[in-house]
Amino acid sequence: MSTETHDVTKGTGRVITRFGAELLVRCDDKSTIRCAPKRKLENIACGDWVDWQSNPTGIARVDKIHKRKNAITRLTYRGKPRTIAANVDQLLIVSAWLPEPFWDLVDRYIIAAEQLGAEATIVINKQDLAEQYAKQEGWRALADYEKIGYKVLHVNTKDSTGIDALKETMSGKTNILLGRSGVGKSSIANKIMPEAAILTAEISESGEGRHTTTTADLYDLADDGYLIDSPGVRDYMPDNLDPIKLANGYIEFQPYLNSCRFSNCTHNHEPQCSVRQAVEEGEISTSRYERYLDALNNL
Ligand SMILES: Nc1nc2c(ncn2[C@@H]2O[C@H](COP(=O)(O)OP(=O)(O)OP(=O)(O)O)[C@@H](O)[C@H]2O)c(=O)[nH]1
Ligand SMILES: [Zn+2]
């Protein structure tokens, strides 16, 4: 909502993108304004909710970031952390029957979701290729995910199978798409985004009739949903994992973690490990446990 006092307009909005030192902010009334952040707020990212204030002699200024639920951060080439997306509710982890699914990568994205406190939903695209390319092992991996509570959606962007169910899962949430090259992330994004949202944001520079064109990173979807999509977000991979973060990313281990004999158990070679016992008793999937061990050895 915007309120006017003298000549200054104030409001709240959500950052659609950053370009250089400037931000594009989508306001409640769906209008978009160009803003410059106050100097101390240089870490503002796409997805942030902010307070802005117009400036009669220049571009509007963002003077406050609302508290974040979470943030996806990457290191720049200079080794400095940079936030690339904020306030993410759901990771849509996309695989396809071709190229062959990498279940260790799916596990890794699930770990990312658990670390962010976001939901993880597994999307299997190219359903039309299932008959020809899906392997028994693949169906078993999906059953394992469903058993521990993750939603699995099968979609086909060619004939729109499953797209409505996907949209429903995304509604009311801020979503990101993750997955390796060729699984169909662009095809899915094009299916779920309304035509208008894909248009690049074009903002008139004050006075001189010049235009700045930039693509948005955050898109409004129907039903109060959002999609944050940019190359950096698509390639996101959590780093700084340690054995504890890793084990916490395997949520089916949770009920057993406190019963291991050693409090710093890595659930590998230690005697009286409750997690390993649960694997032996068939309570935890052997495949998931083996992928956990591989990840542990590669830390
Ligand atoms: N058979 C089939 N092919 C699909 C489907 N969805 C996408 N494809 C094809 O898969 C290929 C990759 O799709 P993209 O949408 O470019 O995949 P991406 O994940 O965005 O790939 P990157 O941009 O490399 O990350 C394209 O040739 C698509 O036409 C589908 O449902 N069925
Ligand atoms: Zn253990």
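**Exercise 1. Find what share of the contacts between residues at least 6 apart in sequence joins residues at least 24 apart in the protein chain.**

Solution. Among those contacts, 62% join residues at least 24 apart. Keep in mind that this model is predicted. Then turn to burial. The protein chain has 299 residues, and 33% of them are buried. Finally, its C-alpha atoms fill a box of roughly 70 × 45 × 35 Å along the principal axes.

**Exercise 2. Work out how the protein chain is divided into domains, and describe where domain 1 touches domain 2.**

Solution. Start with the bounds: the domain assignment gives domain 1 as 3–67, domain 2 as 86–196 + 217–234, and domain 3 as 243–297. Now take domains 1 and 2, whose C-alpha centres are 31 Å apart. Between them, 8 residues of domain 1 are in contact with 7 residues of domain 2. On the domain 1 side, strand S2 (residues 8–19) gives the most, with 3 residues. Sorting that side by residue class, you get 4 nonpolar, 2 polar and 2 charged residues.

**Exercise 3. Describe the residues that surround ligand 1.**

Solution. First, count: 15 residues surround ligand 1. Second, pick out the closest, which are Ser181, Gly184, Lys185, Ser186 and Ser187. Last, sort the shell by class: 9 residues are polar, 4 are charged and 2 are nonpolar.

Key
Residues are numbered from 1 along each chain as its sequence is written. Chains are lettered from A and ligands numbered from 1 in the order in which they are written. This is a predicted model: local features need pLDDT of at least 70, side-chain atom pairs count only at pLDDT 80 or more; totals for chains, interfaces and linings use all residues. A residue is buried if 20 or more other C-beta atoms lie within 10 Å of its own, exposed if 12 or fewer, and partly exposed in between; C-beta atoms are placed from the backbone. Two residues are in contact if their C-beta atoms, placed from the backbone, lie within 7 Å. A residue is near a molecule or strand if its C-beta atom, placed from the backbone, lies within 6 Å of it. Ala, Val, Leu, Ile, Met, Phe, Trp, Tyr, Cys and Pro count as nonpolar, Asp, Glu, Lys and Arg as charged, and the others, Gly among them, as polar. Domain bounds come from an automatic or database domain assignment. Helices (H or I, at least four residues) and strands (E, at least two) are DSSP runs, numbered from the N terminus.
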